[in-house]
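Please open the structure in a viewer and keep a selection panel at hand. The stops below are intended to be followed in order.

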Amino acid sequence: MRTQKSLRTLRYHTSHHPISHPKQKNAAPGFRIRGILAKLTSQLPYPILSYFQDLLRLIFPRECPACKRELTRQEGEVCLTCLTDIQESEFHLCPTENELYLRFAGRIPLEGAAALFFFDKKGKFQAIMQEMKYHNQPRIGSFLGDYYGAKLQGTDFVSEVERIIPVPLHPSKMQKRGYNQSMAICEGLSRALNLPADDTLLLRTRRTDTQTRKDKDDRWANVEGGFESPRPANYHLLMVDDIITTGATLAAGIQALYANPQPPKSVRILCLGMARKE
Ligand SMILES: [Zn+2]
């Protein structure tokens, strides 16, 4: 059950961020129509809204992006079976003593690191991320952000956080995709934790070259300088990415934040999936 306050927060963010106006060019027609109808009917009084939602579900059944089974009314964007099948990291319970945190230790100042799932190539999580990023479904990111946010409520990991910020996309990529998937996750977290999400504190200034064939150290160097922090950033920040592999992009973003004349009071990082060492 949402409080009135968190609903207001959500409305503020969805009306000010591009995620509420995703380009629908890659979406399936059914998804597109369902999205438009859902938006048009979202302000209706509850009994009528509920009726419309049932009708929409009947015409355009929602399916789980991982197992393709039809989702029930009680389920979010991923079915409960798949959510429990994917191994969780529980890193938020030991934010400075986990392998994600250690990946950054000594390179950048970091207060803690958390990941919802372990990233398993060809696994269910991979299927969910593919659907979110390449089939225009930011609502999956928002749902998983909300899902993780509910687990983080009341934990030390988020107790002093003041702003939730996404790893920014380069403007050209943003234009192509229509939304930033990390901001979608931030919006879900924002809803669950009742904290503001803000995508204006860190911006991408130039596109980095393809990084697939470079080794790890080159990759860390390659992304340096690709970010700017144009506004005062003196908050306790939680920085959010969808998947962390080497962490080079995230590290470069955090370096830009600390180069700000009004740097963060602290930075924690959070991702949905973390790739394990091969
Ligand atoms: Zn499923």
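**Before selecting**

Residues are numbered from 1 along each chain as its sequence is written. This is a predicted model, in which local features need pLDDT of at least 70 and side-chain atom pairs count only at pLDDT 80 or more, whereas totals for chains, interfaces and linings use all residues.

**Stop 1: colour by confidence**

Colour the model by pLDDT, the predictor's confidence in each residue, from 0 to 100. The protein has a mean pLDDT of 82, and 80% of its residues reach 70 or more. Two residues are in contact if their C-beta atoms, placed from the backbone, lie within 7 Å.

**Stop 2: the whole chain**

Switch to a cartoon view: the protein has 12 helices and 6 strands. Helices (H or I, at least four residues) and strands (E, at least two) are DSSP runs, numbered from the N terminus. Of the 278 residues, 39% count as buried. A residue is buried if 20 or more other C-beta atoms lie within 10 Å of its own, exposed if 12 or fewer, and partly exposed in between, with C-beta atoms placed from the backbone. Of the contacts with a separation of 6 or more, 73% are between residues 24 or more positions apart.

**Stop 3: the nonpolar core**

Select A115, I164, L189, M239 and V240, the residues with the most contacts inside the largest nonpolar core, which has 63 residues. A nonpolar core is a set of buried Ala, Val, Leu, Ile, Met, Phe, Trp, Tyr and Cys residues joined through C-beta atoms within 7 Å. Centre on M239: not counting residues up to four places away in sequence, M239 touches I165, V167, L250, G253, I254, V267 and I269.

**Stop 4: S182 in helix α10**

Move to S182, which is placed in helix α10 (residues 181-193). Is S182 buried or exposed? S182 counts as buried, because 26 C-beta neighbours lie inside 10 Å. Beyond residues up to four places away in sequence, S182 touches P166, V167, V240, D241 and D242. A distance label from S182 to V240 will show a C-alpha separation of 6.2 Å for two residues 58 apart along the chain.

**Stop 5: helices α6 and α7**

Select residues 124-134 (α6) and 138-152 (α7), whose axes lie 7 Å apart and pack at an angle of about 130°. Axes are lines fitted to C-alpha atoms, for helices over the stretch in contact, and angles run from 0 to 180 degrees between N-to-C directions. The two helices α6 and α7 are therefore oblique to each other. Angles under 35 degrees count as roughly parallel, over 145 as roughly antiparallel, 65 to 115 as roughly perpendicular and the rest as oblique. I128, E131 and M132 of α6 meet P138, I140 and G141 of α7 in this contact.

In the loop between α6 and α7, select N136. N136 is buried, with 21 other C-beta atoms within 10 Å. From N136, draw a C-alpha distance to Q181: the two are 9.2 Å apart in space and 45 residues apart in sequence.

**Stop 6: helix α12 and F104**

Helix α12 (residues 248-258) is largely enclosed by the rest of the structure, because 9 of its 11 residues are buried. The buried residues of α12 are A248, T249, L250, A251, A252, G253, I254, A256 and L257. Now select F104 in helix α5 (residues 99-104). F104 counts as partly exposed, with 18 C-beta neighbours inside 10 Å. Leaving aside neighbours within four places in sequence, F104 contacts L110, A113, G247 and A251. The C-alpha atoms of F104 and A251 are 7.5 Å apart, although 147 residues separate them along the chain.

**Stop 7: two positive phi values**

Most residues other than glycine have a negative phi. K68, which is not a glycine, has a positive phi of about 70°. K68 lies in the loop between α3 (46-59) and α4 (80-85), and counts as exposed with 9 C-beta neighbours inside 10 Å. Finish at N194, in the loop between α10 and β3 (203-204). N194 has a positive phi near 55° and is partly exposed, with 15 other C-beta atoms within 10 Å.
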